[in-house]
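I opened this model to look at two things and wrote down what I found. The entries follow in the order in which I made them.

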Amino acid sequence: MAKGMSDMADRLAPVSADQPATTGSTTPRLLLIDGHSMAYRAFYALPVENFATSTGQPTNAVFGFTSMLANLLRDEEPTHVAVAFDAGRTTFRTERLESYKGNRASTPEPFRGQVDIIRALLATLHVQVLDKPGVEADDILATLTAQARDQGMEVLVCSGDRDTFQLVGPTVTVLYPVRGVSEMSRMTPDAVEAKYGLPPARYPDLAALVGETSDNLPGVPGVGPKTAAKWITQYDGLPGVLENAERITGKAGESLRAHLAQVELNRELNRLLVDVELPVGPEDLAVRPWDRQALHEMLDELEFRTLRDRLFAMLPDETRDERVATAAALDLVQTGDGGLGAWLDARADEVLGLDVRGSGAPARGDAWGVAIADGAGQAVAYDLTAIEPADDAALAAWLGDPDRGKSLHAAKEAWHALDGRGLALRGVRFDTELAAYLCQPDRRAYDLPDLAIGYLRRELSSDAATSAGQGALDLEVDGADEGRRAAVRAAAVRDLVDVLGGEVADRGATTLLTDLELPLQDVLARMERTGIAIDRGYLSSLEQEFDGRVQGAAADAYAVIGREVNLGSPKQLQEVLFDQLGMPRTKRIKTGWTTDAAALTDLFARTGHPFLEHLLAHRDAIRLRQTVEGLLRSVGDDGRIHTTFQQTIAATGRLSSADPNLQNIPIRTEAGRQIRRAFVVGPGYSTLLTADYSQIEMRIMAHLSGDEGLIAAFRSGEDLHSYVGSRVFGVATGDVTPAMRSKIKAMSYGLAYGLSSYGLSQQLAIEVSEASALMTDYFERFGGVRDYLTGVVDEARATGYTATILGRRRYLPDLTSDNRQRRETAERMALNAPIQGSAADLIKVAMLGVDAELTRRGLRSRMLLQVHDELVLEVAEGEREEVESVVRTQMAHAGDGVPGGALDVPLDVSVGVGASWHEAGH
DNA sequence: AATGTAACGTA
DNA sequence: CGTACGTTACATTG
């Protein structure tokens, strides 16, 4: 839902107006909204399936209405505001005419209840809500409009009912939604006149003649707006038209005469009441401050994230200062030149909040500001480009002292930023980003302002929100402001520690944070800082080679079809394949039919068309070239590539690698493997060493399931897939054919992903029935695996989460979804997460062990990369044997300390060495 | 310019 | 109709 919601937020963002709202005027401006009509519009404008809370409450109308309101408040800057609702279905109009609005379908189920939510939301915004039995919302609006106009107020009426056009005047504008609720047409007297050829007061005359389908009021057949306007002008209003009906010639006149009663009734019904008795007048509707706490709670319940930001971003500055009350209370201390040391020493035993402004890219970071906050509401901030030497020294000593505890948000970035200024960062006791990740691993981002909202109900100004990487422009503004913003961040971090620390503890993740993720963060920082050496010359020659292949394949492809197309455009390819060449359709995708490699290969097998061959070769070559070009761009001045290992991205607990991604360097094809030759041992070191776990996920499955057969397989030391194959097919291990083995291998791995028999049949190009039989046979021999897989899903459904061997949780609310697709996806996630996540836990433990042991032994060799089940190290002269032993030991024993003792299966590690990543691989 | 989609590389 | 990622180019949108 989050995705759909943000899409909608963007779509709704601008209130388009034919002309800009006037601002800066001192005239009071009253905004009146027809609540029901706008909510209804919102309901139909936004797809309900994209808007629901995790509990299933539909929220599309609430979202659309609130979004619209936020835009109106922002753009129109009303001083007074009210929302009117219809109070039931019977009004004086339905009493007069039973069929009035009688064509309206009964309220759709998902709309029910949303009006009540909107009313509650309006209450938190302290917006007056009005309704009155027997009259419609528009009558209330009309009455208030008349009163406000007479009091000299400007009035804006927002309604989807055209009857309100009769209210338009020099100081009264109707905002009429044209598409959804995001675009409003500004109905001024001129706009009404331009559209209908009549002044606003005569619009209801026209509507009476033409009819109003939405109110179930039929008009005069054959009479449209043009004719109606002509008559009304000619006879000076509807009464004149009716009086002179006899004189109007032609079919239209005939028709009019036959429907005089209807027209009169229409006019009676579409006249809005301006004398409704109301408990309040316009003067009572002044905009008031929101009930911030209640609003936050409502937005929490509604799970509106982007909307919250927009609502609060909209507040005027004086209100904003108020809402950062906690931050405003922050005492930004001027310690005076050389005073930092004393300030820090007075807080020697305290874990302080630290914010570093700067750029956190590995090996090219820079820091230009720091702020430190204590737990008593005091903070200090320094501009590192202009810091006194004494303060600089005190800061450096404090930052680098492992015994002086500090808490940060995204400490690894700060580490790199400080490193760029020659400052070491040690003693990180808490990281709010890591903590939030452990609590909510499925989130994709953990911005500090978001966490402050979510856990502290505190709003950091969006300027303070700028992360370490993006603060550069801020230096242009007032330096004192910059310092305060940093201090606000530091204080937020400091305060988040208490709340998030509790959340982490509640989830049993404290050890995971302090003993695994936090120490690992430092290891990763050093790996990133080190980078891996690249043979640029070789990589450039590869680029040339791949480029040649790209050109050749493209030329061949063009020759076949007799024209040049963009082979990288799926759209153009579809044209060529399915229109020009008339090939059979492939699998359906959003934009037509897929042209992916599997489909092209299949097409080639069926048609043998040479274009496909060249196209596939082109795809291949272009991707290789892209990969190489990307890598070349990433090589730093030191001749090395410094990836960033992201520690808070993968919901299962894995690391990810970005900028560039070194976890997806090709290996499967020969051409791909050539790229790995470009990753080389750097100067001063003797070799690269790779170490990887064999079949770690299968081993974890064996351990977690306790399946005796699978455990025995691993303990036997035999080839896993042959062993399993022999049991499934009932033959001796030696008689398992390669075909049998590959089927077993595919199935074994597929199990950990929730593979279906259909999926297995696709992958192995066999019948579904055969795949299904294979799975049955498998589970007959390895029933523990099946019991485990179903059990893990059942448990997750009951508890709401899965857990790895180190207790890392993944919450999967969709396991109880009514939507089958979502539910089944969640089930596959549930059975995969403990396996993939436990493997991630284990290699993280191993990395800590390897790092600690290398340090303890005083070895120069160092870790460079982690690729999920593989570590790459750079080995110093004379250290190869010892390093290999350290790595083997630490990796193999990573599971020794898991809760409940060691794993039930051994962890097998294979090691290779060589001058390049390719040679070191095995 | 920013965003989404298709495609494809890895474990 | 198998999990977890990141990057790229193209196409569409503002």
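This is a predicted model: local features need pLDDT of at least 70, side-chain atom pairs count only at pLDDT 80 or more; totals for chains, interfaces and linings use all residues.

Residues are numbered from 1 along each chain as its sequence is written, chains are lettered from A and ligands numbered from 1 in the order in which they are written, and side-chain values use heavy atoms, with hydrogens and water left out.

**DNA strand C.** Of the atoms of DNA strand C within 4 Å of the protein, 75% belong to sugar and phosphate.

I sorted the nearby residues by kind and found nine nonpolar (Ala, Val, Leu, Ile, Met, Phe, Trp, Tyr, Cys and Pro), six charged (Asp, Glu, Lys and Arg) and 18 polar (the others, Gly among them).

I then checked side-chain N or O atoms. Gln 646 has one 2.6 Å from a phosphate oxygen of DNA strand C. Gln 763 has one 2.9 Å from a base oxygen.

**Strand pair.** I found β13 (residues 406–408) and β14 (residues 428–431) running parallel, joined by three bridges. Strands here are DSSP runs (E) of at least two residues, and helices are runs (H or I) of at least four; two strands pair if DSSP finds at least two bridges between them. Ser 407 has Phe 430 in β14 as its bridge partner.

Terms used. A residue is near a molecule or strand if one of its heavy atoms lies within 4 Å of it. A polar contact is a pair of N or O atoms within 3.5 Å; within protein, one must be able to donate a hydrogen and the other to accept it, and residues adjacent in sequence count only if both atoms are side-chain atoms.
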